[in-house]
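Please read it alongside the model.

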Amino acid sequence: MPLPSGKQCVDMRKGYCYSSVFERGPDYYECKNQMPTEQTKMVCCCTVGKGWGSECQPCPLPGTGERRLLCGDNEDVNECEEKLDVCKNGICMNTIGSFKCECYAGYNYNDLRFSCEDINECVLTPNSCIGIAECINVQGSFRCSCPDGYRLIANNRECQDINECLERPGICDNGECVNLDGSFQCICREGFYLTPSKDKCLDIDECTRSLHTCRNGTCENLVGSFRCICNPGFSLSPQSDCIDIDECRTIFGICHNGRCRNTIGSFICECQAGFKFDSTQRNCRDIDECAEGNVCHRGTCRNMEGGYMCSCGQGYVVSSSGTECYDIDECRENVRLCLFGRCTNTDGSYVCTCPDGFVLNPYSKECEDQRTGQCYRRFENGRCLEPISNTVTRSTCCCSREAAWGTDICEICPKPSDATFRELCPDGYGYVAEIETGMKDINECIIKPGICQNGICINTDGSFRCQCEPGYTLDGSGLRCVDDDECRSRDICGNGTCRNMIGTFECACFKGYTPGTLQICEDVNECVEQSHLCAFRCLNVPGSFRCICPYGYTLASDGRHCQDVDECLTQANKCRYECKNLVGSFTCICPVGFQQIGSGDDCRDINECQLDRNLCKNGRCKNIRGGYRCECFDGYEPSTDGKSCVDTRKAYCFVHLIGGRCSAQTTNLMLITKVDCCCAMGKAWGPHCEKCPPKDSLDYKQLCPIGEGYREDGQDVDECTTMLNLCKNGRCINTLGSYRCMCNRGYKPDYSATHCVDQNECELIPTPCQHLCTNNEGSFTCSCPIGYVLNADKVTCRDVDECTTQQHHCEQGCVNTPGSFYCSCTTGHKQYGDRCVDVNECVDQMCGPTGSCVNTVGSFRCECPRGFTLDSTGSFCIDIDECGSDSQKCQMGCRNTHGSYRCSCPDGFLQHMNWNHCIDENECMEPEICGSASCQNTAGSYTCTCAPGFQFDTYHYVCIEAGSSGCHESSCAFGCTADAPGKYTCDCPDGYQRIGEGHCFSTYGPGTSNFAYDYLAGVPVHPIPDDDDRYTVPDDKIISTEGCYACQLNGRKQKRDLRELQSNFNSESTKKLRHIGYGRHSNSTSLDYIRIDLELKEAKPKTKLLQLIASMRNMTDVIEYAITKGNWHGLLEMSGKRGVYTLHFTKVIRKARRFVLEIGSKLIANSTTDKHESLLHTTVVLNLIS
């Protein structure tokens, strides 16, 4: 700035001051440690600065001419008074040539920034806060902060728990408060639930929580519970639900004589056939059919409970309908009736007529032949032979297997295969029909006397047989008994002689024999019949007996007693030393260890080692006089008597063999002797896998002489200590000769009690699981059916709420049930299984006669035709009063019609006689309207045109020579304005403004369609004002809301639907572009920048912000507009179509922000332009406002 003298300037520029400068190269410096405020170069360099300005100008060094020129001769500067912002958070004290800072407590001096900076005590001072307290640094100090549920104690450095249960009144209302470290927990009572804040328990409204609570009743919510008030026909169950009352079971005597059918909430009585309801309609009474109708014709009606019965007399039968009796034609129904006679049917009966000699059987109703005649046994060559003595009836003769019968004429008896035989003998041979008794057995023994010669005739059922006396036998005919010669049989008498007699025989027995029951000679057993014949033993022999004595005894002289033989006193005594008599024997005695030589009594020493090579096994046998002793190998010891070697070696015992071999794993094996191994449970022993002998072998008996489980000396083998892991899954307890297992829980002993096997707990009664049980080794596992989950006790199950745990497949609603769930659908849907299918409401003629119904998911909507709108219910279309709702719709008057309206037309237009739009009036039809010029009709107007080189004078209505006007032969696309001779300015279409030279722009609202520049002349648009006032469309711009219009564009007429253009410029565009501003250079019409304020919700790809178009025809195809700078991440785009370029978003913007864009034009092809053509460069400021 100039000094007051006006002859010098003082540098008052301000820039940032730096306390450090580094030289990085020739005339290139780097400044660091920027001061907080901007200063002039003098204040910076004459105080604390080393560099200044955005270009990092180094300060002149002290003592230099530049320094004196800049700072003067006074070297001391009071830095504290200069606005250097030094000693911030401290006290500044000036010193000669410098200054000094005293920082406040909690701050440290930064000599690079010349300020006091905060000390972070939380980092520098450990344990600033104790325990869980969090250290938070603040300017000049620090503070401790506690987590939620804690508070600082008096030292402000340590946290203690807050007991919310005591300090917060009303906490956990309707529940129990449990204080926790840093928090608390509310445990609600049954019937209450925890609020989302988890500090209060509210009553559960069971009635609204579940739609199925109190089914068939009314649910009444209570504090902490609910109760059900059941509908009639229902009662309260123990589960507090309403269940149907089965009146059929609970009401005694209901629906008497009928069937009671229970229904939900009630019951129905159904009367059986033959019953009808009484006056109460709850019981059934019998219908007396006999009194109410003509039933049982020709019979007797008897009423019965639930029906009636017709009783018909003899000879009548009840019809199939059971209502009348009709006669029985007995002769036709029973072909055997009046057999051998004639049957005549009568009303209710019949009459049998029998021929002579026949009698009617009152029982069988057959004519029986009662004629008697001679019966013959044989019939040969047409002659009857061998008549029986008695005369009998034909049936008696022929049914007793005789050949013929007759009185005067002999008749052959029929064979069983003949039909006449079945009529004559219905039950076959041996039976005959009798009038009084029916079928009767024929007693052949009476009618055929003497049939059994020398025998007895015995009648049988349907036959007879001959029985002979003893000593007689039947001959081949079976009818004659002859004598049986018993003596022909060999030895029939045995030990005697036989003599035949008539009908019997006689035996003469030898001595010692006697005749038996069948006269056969049998031996007499004297030993039985005459007891005590012998002193020792009696032996019966055929025909006699003898006494015998045991060995060493001899029979006494009486032949019946026994006496001992003393062999030592007899010649049998050959003993050299001593003879010892024994009862019934004797023996020679030698000393122990000696043996008798020969049969005498000579004794010699026994060499046991030679006699038995198996002695002293696992050692050497050494003979001694009268005995032997064992000298054992290493690992063996002599037994107590010295006669055997006891194996004392210890090695591993193998209880199991794998493939006949011992396992190499010996971790769990013990070192024991072979006896303890093999005499117990071992299968092999020793390092060479010596297999134990089989238990039934001789080797096993030698190894374990007492048996399994015992050693050679008789001591018990303790299997539990010698065999590890005998009782797997249990504890081994030793017993004499064996062991037993005490099993762990989940196991049980097997049948031998020597192994523990898994116990199947699932087979126990009762089962340990509530639902499903799976047995495991030593235990069991409970599981639940589908829809349940196991509780913490691992035994019982609880229901899984599939709805809240999202384990369902319902499309919409889900209702949990015990063990399952079911799906429900919202309004507007119909349920098919688990699917919800949309209901097409439009099928039911919704939306009235005018509207169109459109089905939607779960609902529908009504769409009204043009001129109608939905009423408040949204389901009926009513007429829109276009004239009342929009006073600007028709400028020249409006008349509402049903579904439409009619407008009056402005000047230049006439209303169509049929359609609601204005048609152009052809003004050129009026004479002299353009004077001497040619008239060309246009939409709503007309144009007067002249020949080339002339232009129309609007004041004189004549064509005059164009002369040197600036617009002559211009290339302007939207009109031209002459500025001066030879100069012009191209106009822009309505709604656009000039920007630069040869360019037009317009702000544009969202949701519009693209359009071409040659459609824009005369289009009603929104001009953009220079201020922020809202803009309304001038009345003179609107022609009609319908129809078409025509505009004159350089001699061409273009038509376009006005409704489409008006939609491009509706008032919503102005509402969404909240503010549009422009910046200009002074004294210039050119825009310096364009500012657009837009609501954030409209920042969408369809929102069109700005449109650019060239105002000259020859520029349309050779230039394009683009964003040259400021397009962050490609969020905006400039797209062009048919010469019109539009600025819009490429994606939805979520946050308020500001865009500063540089937009320009560039040539896309070589073109010759005149002096008015130039390229565009402008700035667009776009503010997104939330």
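## A hairpin

Strand β13 (residues 175–180) and strand β14 (residues 183–188) run antiparallel, joined by six bridges. Helices (H or I, at least four residues) and strands (E, at least two) are DSSP runs, numbered from the N terminus. Two strands count as paired if DSSP finds at least two bridges between them. E176 stands opposite I187 in β14. The hairpin of β13 and β14 has two residues between the strands, and G182 takes a positive phi near 85° there.

## Basis of the model

This is a predicted model: local features need pLDDT of at least 70, side-chain atom pairs count only at pLDDT 80 or more, and totals for chains, interfaces and linings use all residues. Residues are numbered from 1 along each chain as its sequence is written, and side-chain values use heavy atoms, with hydrogens and water left out.

## A buried glutamate

E206 lies in helix α5 (residues 206–209). Its relative accessible area is 14%, so E206 is buried (under 20% relative accessible area; exposed is over 50%, partly exposed in between; 1.4 Å probe, protein chains only). Leaving aside residues up to four places away in sequence, E206 touches G191, T213, C219, N221, G224, S225 and F226. Contact here means heavy atoms within 4.5 Å.

## Disulfides

The whole structure holds 62 disulfides, each a pair of cysteine sulfur atoms within 2.5 Å. One of them joins C248 to C260, with S to S at 1.9 Å. The link of C248 and C260 is left-handed, with -75° about the S-S bond. It connects distant parts of the chain: C248 in helix α6 (residues 247–250) and C260 in strand β21 (residues 258–263), 12 residues apart. C248 is partly exposed at 24% relative accessible area.

C534 and C547 also form a disulfide, their sulfur atoms 1.7 Å apart. The torsion about their S-S bond is about -85°, so this disulfide is left-handed. C534 is buried at 14% relative accessible area. C547 is buried too, at 9%.

## An open sheet

Four strands form an open sheet in the order β60-β59-β61-β62, with antiparallel pairing. β60 (671–672) and β62 (690–691) stand at the edges, each with a single partner strand, so one side of each has no neighbour in the sheet. Strand β59 (residues 651–654) is joined to strand β61 (residues 684–685) by two bridges. F654 has A684 in β61 as its bridge partner.
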